Each structure stands twice: as structure tokens, then as C-alpha cells.
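Q: I have a new protein model on my screen and would like to learn how to read it. Could you take me through some features one by one?

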Amino acid sequence: MKKIFLALSLVAVSMSASAQWGRPVDYAAGPGLKDAYKDYFTIGVAVNKFNISDPVQTAIIKKQFSSVTAENAWKPGEIHPKEGVWNFGLADSIANFCRENGIKMRGHCLCWHSQFADWMFTDKKGKPVKKEVFYQRLREHIHTVVNRYKDVVYAWDVVNEAMADDNMMFRGFRPGVKPSPYRQSRHFELCGDEFIAKAFEFAREADPTGVLIYNDYSCVDEGKRERIYNMVKKMKDAGVPIDGIGMQGHYNIYFPDEDQLEKAINRFSEIVNIIHITELDLRTNTESGGQLMFSRGEAKPLPAYMQTLQEDQYARLFKVFRKHKDVIKNVTFWNLSDKDSWLGTNNHPLPFDENFKAKRSLQIIRDFDPVLDAHQPKEDFVPNSMNQPGQEYPMVNSEGYARFRVEAPDAKSVIVSLGLGGRGGTVLRKDKNGVWTGTTDGPMDPGFHYYHLTIDGGVFNDPGTNNYFGSCRWESGIEIPVADQDFYAYRKDINHGNIQQVTFWSESTGKMQTANVYLPYGYGKMVKGKNGKMTQERYPVLYLQHGWGENETSWPVQGKAGLIMDNLIADGKIKPFIVVMAYGLTNDFKFGTIGRFEAKEFEKLLIDELIPHIDKNFLTKADKWNRAMAGLSMGGMETKLITLRRPEVFGYWGLLSGGTYMPEEIKAPKAVKYIFEGCGDKENPEGINKSVEALKAAGFKAEGLVSEGTAHEFLTWRRCLEKMAQSLFK
Ligand code: G3I
């Protein structure tokens, strides 16, 4: 039980770690999309027969969506396959599902070149009919479908995909013959573009109040956008009742960018005040549009970086949709889950996976911050203090935004692993010179952050910054300024100690081990001993441990342990002491085995090999009441396990985002003079406060710190060291 509690406290420390520690995260926890967007636009989904009959799927629909579209059942060829033959079965079931659950529908679609009631073009002998006959049949079809469902429908895709794609414009190109902007469908060949006007006329007759939409794909392609604009404007100027434009939104993880999308929305807003995003999904390849060119293929897992690209693309698209909520009235996902997708599961295109489990993209779409939406970062960016000499980028601004710049002309994607919480990182965009730039979507937590670049799936360091050991490798690092940073700033007006790297043979691990040792200014000076004789001053020792993925360089470098000590000593806040920062054998740890983590190996190395080495080679006071142990994150777990198992070694214990002690766990209360516990306020502050209160109530000298505005990161631990140090060895 105790170990699970410890594991839980550690996991509680950083939720993102939970996925890392193999704990499934329920991204659907929280309000539904329809509620998160109630002040913006309705959120819809296209459904098939399975989606409205399976309880798991209907529960998702009822929670998440305020609009439903029949993916295929209402299409002319499906619902009216032959003259006088109506196939209302599934069509009615979907309508009734919505009526029973108070969900409004988008009617898709009344007139389209695909899945159409092709019998309308021919007579009983198969001969082509006159357009008047076609119109009569189309009118009867539209009136029948509209009158059957207009009670539950708020908008109709009256005509779908009547305009030519850019690549069609050149097919059959004949010199001197102006290519037609229209798709050369049977409708167009029989009627020209008049069939569009007729279809809207018939729909308005049947539904005087419904919103009548012209729906198409690739609306962000400049040529197609203008063809749609010109057609709708011409129709509306001629009095054709087109109320709005449907942008299908069959996009991909690379395309479109915000600028292309906004250009289309702004252009269409010149002629309509209703735009629906009618069929949103994001392919994980470079294909887009309503046609399927690449094969579906068997489902295979999506590489993590592509998941990040998709999450980022959804975040960017929805940010644009929110910005244009004045004209964007609905956003509909084309299918409920990857399993249902016309694109095939292999594209992983939707926020629900093939098992109807919500993905992080759902959380990212839902948990937007309207303040950040409207906020433009202050343009007072300066090169980061952690940059390599002469490197301008990365930059940070006074608000904590970070801006990155990477040259990779032939890359398809560049992702910085640093970004808003809960997001997979910041996705950069390439300009025409092959330079990728990007700014975090919001201010970063203050303090130090490890990060790396993922370029087309490959992991690299940012050539602009120095490297820091974290995540079991040398990573890039960036420092976000903070108001109270003076306590770890280099002060030229004080004396400074030094940090020595020591190596020692470890029999237990069978190899040389390394530690960094901070020695306070004046180390080695002679002082009058108790016996009045001059002797070299001896010092208490703090054994200070790093976290998983780090090593003995982490506290001295990104932890700024030496500067924190120098400043505290110079300000007379502490008496000098030695700090030993050794490698904690943490990095062979396998995630998901936290329950079995014992730190036995490090206990042996620390107590049987390192401490004897330090006491033999440095001027230490080699007894428990002059020896402290503290650690961050996994180093905190090690500290708790070892101090409770070996209370005879250390007199002062510190856990920094590394769990908590409960009084009943400490078998020898007299064994410890002081306990420190700390974490960031974005971790588990209640756990820390409750534990410190309980320890004090049980008579222990305990102290806690909750670091303001930080999470599981080094500024939390710098502040903890600064506070804890002032109570050690007293
Ligand atoms: O209904 C027949 C069924 O009787 C037969 O057994 C089965 C065997 O293949 O086919 C069924 O028809 C399929 C139909 O979906 C219903 O499931 C067609 O083969 C299949 O091609 C059709 O695909 C639909 C496609 O439109 C047709 O173009 C997709 O599911 C649907 O997602 C897709 O949706 C379109 C939008 O309506 C308009 N915009 C583009 C979007 C994607 O293409």
C-alpha cells in the first residue's frame, strides 16, 4: 500500500507524466465540445447506422455534438434509388434518433454528381430526358425529402461540389477554349449552371426558413475559392436563395495554414453571412479535398510527431473558426471515429480513435483559452540566456512567450517539443526561404525547460542553444525569465565557491561513478578548532539528487545550485556547507514499473561508496546530524525510500516534487531533525500542505513550499533548494 501511495503521489506530481507512467488519460473527461463551444457555433458529426445504435457511440454523440449529418443515408442515390422507390429506413432512423435526443440536423445533400439518383436523367428506355423532365423529378425529390425532415433540420446542403477543381480546369484543355469553372457533371451537361438555381428554388419552396447552403471542398485553394465566390455571387445577385457556403474541410496535418483558411472565410464573408465547416477531418498525409486518391491501407499506429502535427493543426483551425464566430455557425466532423472514417482508420483523421476513445486532440480543441485567442505576444523578444554564443534564436519575450527559428529547407515538418501545457509541442511553419519559425501559443512557465526538435520524425537539438542532460540525453534548453530570479543570478559583487567534478570507483555498479561537489568560498581555510588549535574548517554535507533522465550535471547547471548557495552564504542566510550532486542510477528505470522501484542499488552506492569517498576526500563533518539528503522528482523518491530504510545516515530530509512523508511511515521520529517538502502549484500543492501539517502535528520540524506558477520543473526546485537550505543543519 505504502509504495502505491508513493507512486501515486509521484504520478500526481505531473499529470503529463501519467501517460508516461503508462496510465491511460481520459481526454473526454470534462464538458462536451458542444458545451465548450456554446458561445461560438454548433459542433456536429456525420453518422452511419452503427453510430446511432451502439450505446457507447450514442453516448458520445449526445455528450459532444449539437448537430448531426447523415453521412450517406439522405443522399439521392441512397434514399431515392429508383423512380417512385424511396429507401427511408436508415434515413428515418437517424432523423428519429435526433428527434428523440433533441439534436438538430444538417441535411446532406439534395443535389450532387456522386451517389445521385441517376435515373432522373433517363426515361424508361434509358434515353436522356429533357432538362424540364429532370427539373420536375428533382423538384419532387427535394420536396419529398425536405418535407419529411425539415422539422429536425436547420440547414440543407442543397447543391454539393458543382465547381471544378484546379486540376480539372486543365483536363481537356483546348487552346482558345476558356475552361469551364463548373464540374462537367451530368447535371451541368444537361442544364448548365441553371440546375444550381433550380435546386435552391425547389429547396426554398419546400423549406421557407431552413438555411440553404452551397457545399464544396478545397475552398481554400485560391482558384477553387474564386470559382465558388463568383458562382455564389452570380446566383445571389440573380435572386437565387443561397444563404451560406459549406466549406467541407477535408484537410491534412500540413495544410491549409491559418492564412489560407482566413482568406477563404473572409472572401466568402463578403457575399454570405453564414459559413459552415461541414465535413472536417485531418488526413495524416499530404492529400486533401473530397476525393480519395491515396489508398486507405491497414490501420497502423500514428507516429507521435504526426499526432502532434494533427493536434496542432486542429488547434490552429479551431482558433481561426473561433475568431470568425460571427460567420462560422457550425463545425461538423466527417464521421464519429477513425473506425467510421471514409479515409480509413489508417489516416487517424478524427478526435475519437477506432475504439471510440477520445484523443488528446479532443482535449486541445475543447480546452481553448479565449484570452490567449485574442492575445498577440508583445514584440519585445530577446535572444535566450541559454543560447550558444552569437545565436539569436530561440528568443523569449517579457511575457514568457518563446520564439524559435530553424533552417530546414527540405523538411515537411518541424516541431519544438516545448509548448502550451497538454500539447505535444509548438509546430513551426516554413517560409519561402525554407526557414521554419514559430512562437509558443502562450507564455511558458517561468524558469528552465528542456526541449528538442522533431524534424519529419527525427529528434535533434536546436543548434541555437547549449545542451543540458535531461530525458537520458543532452537536450536543448531555454530559460524563461521570472521576477524573483535574483536568488540564482550570478552576482559579481560577492565571493563565489566552486564546483568540482569527482570520480570514484563503485564496486556495487562495477564502474567509475561521477559526482559534482559544491565547495563554499573559503573552503580549506584554517579556523580555531574546539581544542583551540588551528585546523581546516569542516562542513556539513547535503546530498542533492536529480530526477529521472538527468545526471550529476543537472543540479549544478540547470539547477544553478552553486549560485543559489553563494547568494545565500553572501546574504548570511545560511552557514556554508558542501553540496554533493551525484548520478542517482535513475535512467535505467522502465516506465510502468514505478510500483516496483526500490532504489536499492543507489542506496548501496550512496551509503557504502559515495559518502565514505566524500568524507575521506573532503573536509566534512561526517555524522548524520551534519548530513542531509534531498532530491527532486525521482531523486525525491530515492530520498524517501533510503531515509526511511536508513534513518541512521541522514538527519535532514527533503522531497522536491518527489512525494511526501506521512508521520506513521517514520518508524524512528527522533531520527530526523527537519523535513522539507515542496512542489509547484501546478502539481500537488494540497498533498504537500496536508503532509506538512500532519508532520508538524505529529511533532516533526517540517516545512513546505509551493512554488507559484510552476509545474514539474527546475524553477520549482531552485526555489525549494533556496528555502530548504536555510533550515538545514540548524
Ligand atoms: O450503400 C452501398 C451498399 O449497398 C453496398 O453494399 C456497399 C458496398 O461497397 O457500398 C455502399 O455504398 C457506399 C456508400 O458510401 C454507403 O456506405 C459506397 O460504396 C461508398 O463509395 C460511399 O462512400 C461515401 C462517399 O461520400 C461517396 O462519395 C462515404 O461513405 C462518404 O463519407 C463520402 O462523403 C462525401 C460527402 O458526401 C461529400 N464530400 C466528400 C465526402 C467524402 O467523399
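**Reading pockets, cavities, helices and bonds**

A: Happy to! Keep in mind that this is a predicted model. Let us begin with a pocket: by class, the second largest pocket has a lining of 12 nonpolar, nine polar and 18 charged residues.

Q: How many residues line the second largest pocket, and which lie nearest its centre?

A: The lining holds 39 residues, and those nearest the centre are K319, L372, D373, R423 and D441. The space inside comes to about 1200 Å³.

Q: Which element gives the largest share of the lining of that second largest pocket?

A: Helix α13 does, with seven residues. Elements that each supply at least two residues include α12 (258–268), α14 (360–366) and β16 (435–439).

Q: And what about cavities? How many of 30 Å³ or more are there?

A: A cavity is a space where a probe fits but cannot get out. The count here is three. The second largest cavity has a volume of about 40 Å³, and among the residues lining this cavity are C111, W112, H113, E161 and F195. Strands β3 and β4 (153–160) are the elements that give two or more residues to its lining. Sorted by class, that lining has five nonpolar, four polar and two charged residues.

Q: How do I check the length of a helix, say α6?

A: Compare an expected span with the distance between the end C-alpha atoms. Helix α6 covers residues 89–100, and at 1.5 Å a residue its 12 residues should span 16 Å; the end C-alpha atoms are 16 Å apart, so the two agree. Just after α6, G102 has a positive phi of about 60°.

Q: Which residues of α6 are buried, and what do they pack against?

A: They are A91, D92, I94, A95, F97 and C98. Their packing partners include β1 (42–47), α4 (55–64) and α7 (131–149).

Q: How many residues of helix α16 are buried?

A: Seven of its 10 residues, so α16 is mostly covered. Those buried residues pack against β22 (498–506), β23 (511–519), β27 (578–582) and α20 (714–725). Just after α16, G572 takes a positive phi of about 70°.

Q: Where can I see cis peptide bonds?

A: One joins H108 and C109, with omega about -10°; C109 is in strand β3. Another runs from F255 to P256, with omega near -5°, and P256 lies in the loop between β7 (250–252) and α12.

Technical notes
Residues are numbered from 1 along each chain as its sequence is written. This is a predicted model: local features need pLDDT of at least 70, side-chain atom pairs count only at pLDDT 80 or more; totals for chains, interfaces and linings use all residues. Side-chain values use heavy atoms; hydrogens and water are left out. Helices (H or I, at least four residues) and strands (E, at least two) are DSSP runs, numbered from the N terminus. The expected span of a helix is 1.5 Å times one less than its number of residues. Buried means under 20% relative accessible area, exposed over 50%, partly exposed in between (1.4 Å probe, protein chains only). Contact means heavy atoms within 4.5 Å. On a 1 Å grid over the protein atoms alone, a cavity is a set of points where a 1.4 Å probe fits but cannot get out, and a pocket is an open set with protein on both sides within 12 Å along at least five of seven lines; lining residues have an atom within 4 Å of a point. Grid points are joined across faces, edges and corners, and a volume is the space filled by probe spheres set on the points. Ala, Val, Leu, Ile, Met, Phe, Trp, Tyr, Cys and Pro count as nonpolar, Asp, Glu, Lys and Arg as charged, and the others, Gly among them, as polar.
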